[in-house]
Amino acid sequence: MVSFALHGIGVSGGIAIGRAQLVSHATREVAHYTIPLAQVPSEIERFTTAIGEVKNELEGLHAALTSGDAPGEFGAFLDIHAMILNDPTLSEAPKRIIAEQRCNAEWALTLQMGVLVEQFDQIEDSYLRERKADVVQVGERVLKRLMGRPGTIPPAGVEEQTILVAHDLSPADVIQFKQHHFAAFLTDLGGVTSHTAIVARGLNVPAVVATHNARQLIRDGEMMIVDGSNHVVIVNPDRAVLAEYRLKQNEFDLARQKLRRLRSKRADTLDGVHIELHANIELPEDIEHALKNGATGIGLFRSEFLFLNRTGLPSEDEQFEAFRKVAEGMQGMPVTIRTFDLGADKQQADLEGLARVAPNPALGLRAIRFCLAEPRLFLTQLRAILRATHYGNVRILLPMLASSSEIDQALAMVARARESLREQNVPFNPDVQIGGMIEIPAAVLAMGAFLRKLDFLSIGTNDLIQYTLAVDRADDAVSHLFDPMHPAVLRLIALAIGTASKAKVPIAVCGEMAGDLQSTRLLLGLGLREFSMHPSHLLGVKQRVLQTDVTATEPWVERIRRADEPDKLAMLLARLNA
Ligand code: PEP
Ligand code: MG
């Protein structure tokens, strides 16, 4: 077994040792590997079995159709697929490729599909040319059979030694893995603050994204080490490396255990400044983890996750139950529910027509824009949140605001939701606080309306960085340009905190920067007193808060604010964090 290392971006720290489980989604994820000569007959057999299974699948579909009242063209369509499947160019040629090239069946089929697609592209007749899509669909059906079901979850009992390897996963895919206990997680694509990475962090296991071709290079069942803290993956490690990493793993776990002692300690700096450390959650179940890590509130409940992985939309009652669970579970501590931020990389099947067609989704109908464009959905959610205010200390947070008129429209919607509840005598807290997210440079540069109209603010650094630097946070090709320490970003954050503090409007940071130890002292020095982060970062940040004298940081922070050379900035930051 050849040992090799892959580098990516560690989005969740720690070390995991386990075996690879490839998660398949599309033809572009097909692995390519050579097989020993002796394995050729069994590989051909595997291919033949997959063809047989798809044949049965198509026949089953046909039988189901003929017993129902589906239009005749569906039957004809299935007949075409059956014909394509039986054609030797698809069902026989890959066997020859397996034997000649000694490659895996998936790869042989992919090669042959490439040949067929090319032939179709050259056909003049437009009707025949369009049959290319059918060939691809049939080929993909066979591929899926060969590769296992998409997102196949390993059997219970072996999860803890299983490392998931995927080309790309949507946030919706990852959230499904929350019920499982995988050892680690890696993907070819993704940026450090992509929602996929954020949710992966929520799995509390080491995770590395942007490995580029892990999915191609790693084979099912291979032994691997994932070192999320050092952004590296080692495949087929030798014994010495394995022993070294087992030691490191123990050290890491020990350090984590030590941090647990800080759970109920108040987060006060050395010079006595109290800091609120809140948690970001995606689902109601996450509050258990937040409480275990000593969160003194929920600073960001990404409510859009209630809309993912389902058919249909969550009803008002269903959303209310989720919000009430969090409100009650947090026992009087603040619970900040962000109205749904759907669009961009978080899509819901039933809303696809509305959001996915955007030519540039991150700049399109996302978050508050989407809420205002879909008032019925927005009202349903606002009613659900307002109802939950009766059961705990719930606040409403509006995402991605850019202008004063959006605030007015959103507040008018809240007023409508209140009115309708009042008419129905449904209890809610009439003094519920309403806040806004600061995630667009325009919001920082024209903050007056935000300060006058809203009760509190929260800086979403993930989007603020994306929109300031014009770097798509989910695109691994530009992830090296995603820089939280860019002088422009730091100045915007400093301006936002300074302006809000002067106006005595509470302001928090709830982007990934809040949980990054490199930024803790800097943010404290800039005047930040409320942080909200992934629960697993809470205790580390608390430790840093306990070791910081805010007054002593201020001169350094002032110099950092003025610096615009990256080297100088890095030097000053290192001194601040020393
Ligand atoms: C942010 O943009 O920093 C933020 C907290 O919101 P999200 O990551 O959900 O876009
Ligand atoms: Mg955001």
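The questions and answers below go through the metal site, salt bridges, surface charge and backbone of a predicted model.

Residues are numbered from 1 along each chain as its sequence is written, while chains are lettered from A and ligands numbered from 1 in the order in which they are written. In this predicted model, local features need pLDDT of at least 70 and side-chain atom pairs count only at pLDDT 80 or more, whereas totals for chains, interfaces and linings use all residues, and side-chain values use heavy atoms, with hydrogens and water left out.

User: Which residues coordinate the magnesium ion (ligand 2)?
Analyst: Donors are N, O and S atoms within 2.8 Å of the metal (3.2 Å for Na, K and Ca), and sites may look incomplete because water is not among the atoms. For ligand 2, the coordinating atoms lie at 2.0 to 2.2 Å, and they belong to Glu 439 (OE) and Asp 463 (OD).

User: How many residues apart are Glu 439 and Asp 463?
Analyst: Helices (H or I, at least four residues) and strands (E, at least two) are DSSP runs, numbered from the N terminus. On that basis Glu 439 falls in the loop between β13 (434–438) and α18 (441–445), whereas Asp 463 belongs to helix α20 (residues 461–469). The pair that coordinates the magnesium ion therefore links distant parts of the chain, 24 residues apart.

User: Is Glu 439 buried or exposed?
Analyst: Buried means under 20% relative accessible area, exposed over 50%, and partly exposed in between (1.4 Å probe, protein chains only). Glu 439 has a relative accessible area of 2%, and Asp 463 also counts as buried at 2%. By these cut-offs, Glu 439 is buried.

User: How many salt bridges does a search of the whole structure find?
Analyst: A salt bridge is a side-chain nitrogen of Lys or Arg within 4 Å of a carboxyl oxygen of Asp or Glu. One of them joins the side chains of Arg 383 and Glu 316 at 2.7 Å, N to O. The search of the whole structure gives 23.

User: Which helices hold Arg 141 and Glu 57, whose side chains meet in a salt bridge?
Analyst: The side chains of Arg 141 and Glu 57 meet at 2.4 Å, N to O. The two residues are 84 residues apart, so the bridge links distant parts of the chain. Arg 141 is partly exposed at 27%, and so is Glu 57 at 23%. Arg 141 lies in helix α7 (residues 132–147) and Glu 57 in helix α1 (residues 40–67).

User: How many residues apart in sequence are the parts that Glu 57 and Arg 145 tie together?
Analyst: Glu 57 also meets Arg 145 in a salt bridge of 2.8 Å, N to O, and Arg 145 counts as partly exposed at 39% relative accessibility. Because Glu 57 lies in helix α1 and Arg 145 in helix α7, the pair ties together parts whose separation in sequence is 88 residues.

User: Which residues are joined into one network by salt bridges that share partners?
Analyst: Asp 463, which coordinates the magnesium ion, is one of the network's members.

User: Where is Ala 367, which has a positive phi although it is not a glycine?
Analyst: Phi of Ala 367 is about 50°, and Ala 367 counts as buried at 0% relative accessibility. Asn 425 also has a positive phi, near 55°, but Asn 425 counts as exposed at 69% and is found in the loop between α17 (404–423) and β13. The place of Ala 367 is helix α15 (residues 367–373).

User: What is the C-alpha to C-alpha distance between Pro 427 and Thr 389?
Analyst: Pro 427 sits in the loop between α17 and β13 and counts as partly exposed at 42% relative accessibility. Pro 427 and Thr 389 are 38 residues apart in sequence, and their separation in space is 8.6 Å.
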